[in-house]
Amino acid sequence: MKMYLESGYINMRGLIENGWPFLFITGARGTGKTYGGLKSILELQKEGSINRFLYLRRTQVETDIISGEDTNPFKKINTDTGSSITMKPIRQGIYGFYQDEDLLGYAAALSTFRNLRGFDFSDVDIILYDEFIPEPGARPIKNEASVLFNIYESVNRNRELEDAAPVKLVCCSNSNELGNPIFMELKILSKLEKLTLSGGGTYRDPDRGLMVVLLKDSPISKRKKDTALYKLTGSGTFADMALMNVFQDNDRDAIRPQSLQEYSSTPIVTLDGVAIYRHKSKNLYYCCTFDGEPEFTTSARDLERFNLRYYYLWNRYIDGELTFENYLTKALFITYNKGR
C-alpha cells in the first residue's frame, strides 16, 4: 500500500481498509488525516461497506465548536463534493451528521461520553477519534486511555461473539506528545521512540490488531516549507512539529544513561515502571526502569501522595539535576507530575 496519494496527501482509505482494528496516525499538520478519514468513511458508506460512524473529540467544548456551520469538519468535503452534510443536536452531549434527513453518523466528546450511557451505538462500524493527543497545556482527562477503551467497549459490545467484525478505531493527531496517555497505556513508547529516531515509520503488532503510523517524508510537508508561516518560524519547535512530525516532548537533553554504581544502592522512591536514585556524593538524581512492585502506582490517590511527598524531584528535573535512562522513563516521570 502506498502511504501517500498522487496528490501528496496521506492515503487514509488504504490505511482504514488495511485490516487493522486499531489504527493510530500521527503526522504533520495539513497532511489530510481528518479530511481523508472522513471522506473515506463517506465512500465506504456509499459502497455499503459500513453503516454509521462515530466522530470523537477530546472535550465537549471542542465538540460544540465544530457544530457550527463554519467549523463543521465536513465543510471542505461539502465544497469539494457538492454534498451538504450538517451537524444537528440529537440530545445533550451528542450530535448527528446529516445529509438532508439521512443520519450518517454521530459526534461526541471523550470527556463527557459517560453521560451517554443507554444511547444505542449498535449501528456504528467505525470510530474516528480526531486530535487524540492533547496539545501542550491542555487540561488532562482523568484515566484518559481507559475512558477511550470504555467507549470502544460500549460501541463494540458483543458483536465479535456474534461472528461480526469488530468496530474499527482510527485515531488521528498532530505530533504533540509522544508520551500521551494512550501510547503510555498501550506500553508502546519504547517501540515508537525508536521510530522517531529514524524520522518516523510504521509499528505493527498483529497479535493486538494494532498499527501505529508516524508519518515520514510527507510530500505536502515538503511543499509547505516554502509557505509564509514556515518561512517565518524556520526550524523552531512549532515548524518541527507541524512539518517534520517531531514530537514536542521528545527532548533528549536530560536522557543520559549512567552507571548505578555512582548512586545509592536503594532507590529513594519506586513508581510503576521507574525507580529514582540519589547520587552518593552529589546533589544529582537518576531515573531508570524498574520491574518490581512499586511504592506508587498511577492511581489518583498515589499520584497525589507522590506529589506531596516528593515535590522537590520536579524542581531537580527543572534545574537539570535529574537525568533519565531513556525516553520512556522520562515520559513516565512527567506523567506522574502532571496536574501538580
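Visitor: By class, how many nonpolar, polar and charged residues are in the lining of the second largest pocket?
Guide: Bear in mind that this is a predicted model. The lining of that second largest pocket has eight nonpolar, 11 polar and 11 charged residues.

Visitor: And what's the volume of that second largest pocket?
Guide: About 720 Å³. The second largest pocket is lined by 30 residues, and Gly 32, Lys 33, Thr 34, Tyr 35 and Gly 36 are the closest to its centre.

Visitor: Which element gives the most to the lining there?
Guide: Helix H2, with seven residues. H2 spans 33-46, and helix H1 (12-16), strand S2 (52-57) and helix H4 (75-81) also supply at least two residues each.

Visitor: OK, now the largest pocket. How much space lies in it?
Guide: About 1500 Å³. Its lining takes in 50 residues, with Pro 181, Met 184, Thr 335, Tyr 336 and Lys 338 lying nearest the centre.

Visitor: Which elements give two or more residues to that lining?
Guide: Those are helices H5 (144-156), H6 (181-186), H7 (189-197), H11 (300-309) and H13 (327-337). The largest share comes from H13, which gives eight residues.

Visitor: What's the class breakdown for the lining of the largest pocket?
Guide: The lining of the largest pocket has 20 nonpolar, 16 polar and 14 charged residues.

Visitor: Let me zoom out. How many helices and strands does the chain come to?
Guide: There are 13 helices and 13 strands. The chain has 340 residues, and 48% of them are buried. If you take contacts between residues at least 6 apart in sequence, 62% join residues at least 24 apart.

Visitor: I'm looking at strand S4 now. Is it mostly covered or mostly open?
Guide: Mostly covered: S4 runs over residues 94-99, and five of its six residues are buried.

Visitor: How does strand S3 pair with S4?
Guide: S3 (residues 85-91) pairs with S4 in the antiparallel sense, over six bridges.

Visitor: Which loop holds Ser 111?
Guide: Ser 111 sits in the loop between strand S5 (102-109) and strand S6 (124-130).

Visitor: What is Ser 111 in contact with, leaving aside neighbours within four places in sequence?
Guide: Arg 58, Thr 59, Gln 60 and Ile 141. A polar atom of the Ser 111 side chain lies 3.4 Å from the backbone nitrogen of Gln 60.

Visitor: Back to positive phi: what is the value for Arg 157?
Guide: Near 50°, and Arg 157 isn't a glycine. Most residues other than glycine have a negative phi. Arg 157 is in the loop between H5 and S7. That loop also holds Asp 163, where phi is near 65°.

Visitor: Why does Asp 163 count as exposed?
Guide: Because its relative accessibility is 76%, and the cut-off for exposed is over 50%. Arg 157 counts as exposed too, with a relative accessible area of 54%.

Visitor: What about Gly 179, buried or exposed?
Guide: Buried, with a relative accessible area of 4%. Gly 179 lies in the loop between strand S7 (168-173) and H6. Its C-alpha is separated by 9.5 Å from that of Glu 193, 14 residues apart along the chain.

Visitor: Last one: what does the side chain of Arg 309 make a polar contact with?
Guide: The side chain of Glu 295, at 3.2 Å. Arg 309 is found in helix H11, and it is also in contact with Phe 296.

Visitor: And why is Arg 309 called partly exposed?
Guide: Because its relative accessibility is 43%, which falls between the 20% limit for buried and the 50% limit for exposed.

How values were computed. Residues numbered from 1 in each chain as written. Predicted model: local features only at pLDDT ≥ 70, side-chain atom pairs only at ≥ 80, totals over all residues. Heavy atoms only, no water. 1 Å grid on protein atoms, 1.4 Å probe; cavity = no way out; pocket = protein on both sides within 12 Å on 5 of 7 lines; lining within 4 Å. Points joined across faces, edges and corners; volume = space filled by probe spheres on them. Helix = DSSP H or I, 4+ residues; strand = E, 2+ residues; numbered from the N terminus. Nonpolar A, V, L, I, M, F, W, Y, C, P; charged D, E, K, R; others polar. Buried < 20%, exposed > 50% of the residue type's maximum accessible area, 1.4 Å probe, protein only. Contact = heavy atoms within 4.5 Å. Polar contact = N/O pair within 3.5 Å; in protein donor to acceptor, adjacent residues only side chain to side chain. Pairing = 2+ DSSP bridges.
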